[in-house]
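Dear colleague,

Please look through it below, after which I set out what was found in it.

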Amino acid sequence: MASEKCTKKVSSVMDVNDRLLAGTPAVAGTTVGKACIYRRQQPIVSNEHLTEEQVESQLAYFHQAVATARQELQSLSRSQSNGDVRDLLYAQIEMIEDPELHEKVEEEIKSNNTPVDAAIHKVFDIYLGLLSERENADSPERSVDIIDTRNRLIQILHNDENEQITKETIIIAHDLSPREVIKFSEQQVRGLVMEQGGESSHAVILARALQIPMVVRVEQACSRIPAGKVMAIDGASGKVIVDPSAEIQDKYRVNDLSTVQSQSTAVQYETADGHPFILRANIGFADELPAMLASGGEGIGLLRTESAYLNNGHLGSEQEQRSLYEVLLKETSPDIVTIRLFDAGGDKFFDLGQQEQNPNLGWRGIRMLLDEEKLIRQQLRAILIVAGRYPGRIRILVPMVSCLEEVTAVKKHIADIRQELKEKEYAVDADIELGIMVEVPAVALQADAFAREVDFLSIGTNDLTQYLLAVDRGNERLSNLYSQRHPALWSLIQQVSQSGDATDTPVSVCGELASDPVAACALLGLGISELSMTPTALGPVREELQGHNLQEMQQLADRLLESTTTAEANELFANF
Amino acid sequence: MIRKKVTIVNDAGLHARPAAALVKLASSFKSDFYIHMYGYQVNGKSILGVMTLAAEQGAELELEVSGEDEKEAFKAITELINDGFGEVYQEGE
């Protein structure tokens with residue numbers, strides 16, 4: 001006690017102006033730690049003149065540096081679940097791959113015999129020069145991003161160590177790039193203080209996503225805060241206190257995000273009483289991605305691979321397929337992408353065979369694929385090659401399965417192709433997950449047996465309803481009979497969910513039913529916590545799920561299971 | 001060739017993220033795409049070029065699209081800009 005009083009007295013004698021710095025609040029949260037001053041190194045570039053023989057190798061170095069920087073950003077992006085963060089990293093990848101930049105740097109190396117590092121510096125200076133004439137000097141966001149791209153390329157060429165900072169400190173910097181903030185978060189920094197920046201600067205968006213308390217616009221912070229000194233910050237009020245008293249330290253530690261926050265920065269959505277659920281998107285085209293990302297979809301629960309090709313009359317080449325998958329994986333990193341094998345036939349008429357009398361009960365999905373061996377092998381090859389590059393992120397989903405033999409046949413194809421790829425020295429994802437669509441009632445009734453053979457089950461309620469009720473869902477005359485709320489469907493779904501539990505096999509729902517907010521509650525009540533739906537439904541469904549307790553959802557599910565008519569089920573929906 | 005003026009509507013202006021979205025979209029078309037602003041011209045398929053415009057909210061850009069798919073390209077690009085690049089983030093929580 002006595003010593004504390006003593007320190008208090010001493011510290012109150014110190015110059016208050018040096019101890020209390022005011023800034024602008026940026027990211028709420030308080031923290032205490034030692035100050036670490038981060039000064040970005042200005043890269044020093046070579047000024048020699050290349051001989052003609054050196055030109056080729058310098059061009060090669062440039063492309064290597066671009067490739068390294070791209071991989072680095074992609075892997076950073078993969079470990080981020082926040083859409084804003086990924087967008088910013090994606091923008092940096094675009095900068096590194098800018099065709100005009102490449103052209104100019106190559107030209108500079110070839111025509112002026114400039115070494116690659118100096119060429120990069122010079123070309124970036126052109127952009128920065130133009131920018132400095134136009135950009136608001138108070139928030140040089142664009143310059144910060146561009147300078148960071150330049151510096152990183154030169155660092156890679158110089159084989160420089162990454163940014164040297166001390167772990168678990170509070171970083172004081174003039175400004176920070178998005179990449180630097182992510183790097184620092186990996187070093188478990190406790191807080192960030194910047195001399196520049198505003199509420200919408202990229203560094204702030206990142207810090208907010210990564211939940212690092214931050215204060216910006218602290219004048220001359222780098223020179224006024226001594227390195228290594230203990231300090232405290234309050235991101236909500238914008239207070240920065242150097243050499244805080246023990247009392248203040250205790251107070252600021254209480255709300256310290258780093259002590260309460262789990263390692264994972266992934267956003268997890270929960271019901272009102274804290275039961276987590278996962279919402280993914282059903283998509284058919286890459287251009288549906290922005291909508292999905294904007295509404296916070298956690299990956300793709302159903303990629304309808306046939307959609308992109310239905311208009312062309314042929315399913316794309318292996319190369320076309322690969323590039324579609326590649327784009328989707330890049331953009332949804334680090335989430336799961338569930339690729340459903342071509343589900344052609346049935347209502348998705350496809351001119352591979354002849355007209356059938358009863359196409360919905362005919363040659364479609366896996367039935368067609370197993371007959372058209374070239375087609376399935378080509379698609380599996382495309383999937384497995386991409387999966388090798390994004391291990392753990394792709395799941396394969398087989399449509400229209402009605403018997404176990406079909407699963408065995410698909411597995412055999414996968415094993416063959418995997419072997420073939422290994423021999424050709426492709427990277428292979430040995431644990432790629434295989435699942436089936438549960439859309440034929442027989443499969444739902446035999447779910448136990450199927451679950452033991454596959455890694456996951458995905459219930460497609462649209463077809464399951466049509467087959468269960470023997471109602472053609474495209475026939476308008478029968479539209480009053482086609483309802484995904486039919487009592488029999490609930491009990492069938494319950495059965496599949498129980499089979500999943502018994503065999504420890506994840507079960508999800510990817511049909512229309514999942515995009516109805518109330519039905520989504522009922523599905524969670526039945527024990528299915530992963531739903532996949534059209535991107536526009538993600539927001540409303542999430543809101544509904546967040547607004548209820550699991551118990552209420554279970555009660556709803558129980559009542560639906562007890563209902564005997566669709567009318568009763570509708571009533572329960574209306575009253576929920 | 002199509003030449004037409006558009007106005008940047010999103011709060012944050014044409015910074016890195018919208019620029020990336022714009023360039024990505026433009027690059028998916030065959031047509032050449034240039035942006036004119038204050039008598040200065042940049043290649044709309046170069047993100048660095050686009051960022052140097054430092055176009056803020058309210059800035060008027062003149063788009064120039066020429067090539068076989070110029071109509072589709074122009075339509076898609078203007079939609080993206082008029083939609084504010086689908087920027088969803090707002091200040092605060």
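In chain B, 4 strands make up an open sheet whose order is E1-E4-E2-E3, with antiparallel pairing; please bear in mind throughout that this is a predicted model. Strand E1 (2-7) and strand E3 (40-43) of chain B lie at the edges and have a single partner strand each, so one side of each is left without a neighbour in the sheet. From one strand to the next, the twist averages 25°.

Looking at one pairing in detail, E1(B) runs antiparallel to strand E4 (residues 60-66) of chain B, and the two are joined over 6 bridges; within this pair, B:Thr7 has B:Glu60 of E4(B) standing opposite. Helix H3 (residues 70-82) of chain B packs on the sheet, where it touches E1, strand E2 (32-37) and E4 of chain B, and the direction of this helix makes about 160° with that of E4(B).

Turning to the interface, 26 residues of chain A are in contact with 21 residues of chain B. On the side of chain A that touches chain B, at least two residues each come from several helices, among them helix H5 (99-112), helix H6 (116-134), helix H7 (141-157) and helix H9 (202-209) of chain A, while H4(A) gives the most, with 7 residues.

With best regards

Key. Residues are numbered from 1 along each chain as its sequence is written. Chains are lettered from A and ligands numbered from 1 in the order in which they are written. This is a predicted model: local features need pLDDT of at least 70, side-chain atom pairs count only at pLDDT 80 or more; totals for chains, interfaces and linings use all residues. Two strands pair if DSSP finds at least two bridges between them. Axes are lines fitted to C-alpha atoms, for helices over the stretch in contact, and angles run from 0 to 180 degrees between N-to-C directions. Two residues are in contact if their C-beta atoms, placed from the backbone, lie within 7 Å.
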